Amino acid sequence: MKSCQHNNCSYPVFGKGYCKTHQYLRSDLKRLEKKQVKIRPMSNKLSAQRKTYRDLREEFLSRPENMFCAVFPHLRSTEIHHRAGRGKNLNKVETWLAVSREGHQWAEDHPKLAKERGFTMSRICMTDKLNEN
């Protein structure tokens, strides 16, 4: 009985001169090399939406009526608060509110008061329809 070609291995040959444990050393086997595929950080659709958003945002914040924060009127607005959330409403300007960093933080930290004062809107369409009746 033949023994394995690998140094200091006395196991019997399984195929092509190597034992079962050293089959990976065979030169006649085609190795399956997995090609690294880079995952896109964002989809093409989202990328296009964000490009549109950047242009709309710049124009929105430059309007005279949006120069000052809606929450704290003595501060200049630097950000956009999405009153109905960003998801499907990302580029819906009618749901935007020009706010300062402090005003944005306040609206996020006080959701009940922000909703009462009109700084946020319901994200659920059904509740909006029920409230209209």
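I began with the charged side chains: the protein carries 27 positive and 14 negative ones. I then looked up where the two sets sit, and their centres lie 15 Å apart. I keep in mind that this is a predicted model.

Next I checked the surface. The protein exposes about 10,800 Å². Carbon and sulfur atoms supply 54% of that area. I also looked up burial: of the 133 residues, 29% are buried.

Then I turned to overall form. I got a radius of gyration of 31 Å for the protein, whereas a compact globule of 133 residues would have one near 14 Å. Along the principal axes, the C-alpha atoms fill a box of roughly 90 × 35 × 25 Å.

I listed the secondary structure after that. I found 4 helices and 2 strands. Read from the N terminus, their order is α-β-β-α-α-α. For contacts, I took those with a separation of 6 or more; residues 24 or more positions apart account for 36% of them.

Last, I picked one residue. Where does isoleucine 124 lie? I found isoleucine 124 in the loop between helix 3 (111-116) and helix 4 (125-132). Is isoleucine 124 buried or exposed? Its relative accessible area is 54%, so I count isoleucine 124 as exposed, the cut-off being over 50%. I also took a distance from isoleucine 124 to serine 62, which is 62 residues apart from it along the chain. Their C-alpha atoms are separated by 30 Å.

Conventions. Residues numbered from 1 in each chain as written. Predicted model: local features only at pLDDT ≥ 70, side-chain atom pairs only at ≥ 80, totals over all residues. Heavy atoms only, no water. Rg over C-alpha atoms; globule rule 2.2 N^0.38 Å. Buried < 20%, exposed > 50% of the residue type's maximum accessible area, 1.4 Å probe, protein only. Contact = heavy atoms within 4.5 Å. Areas by Shrake-Rupley, 256 points an atom, 1.4 Å probe, with all protein chains shown as cover. Lys, Arg positive; Asp, Glu negative; His and termini not counted. Charge placed at Lys NZ, Arg CZ, Asp CG, Glu CD.
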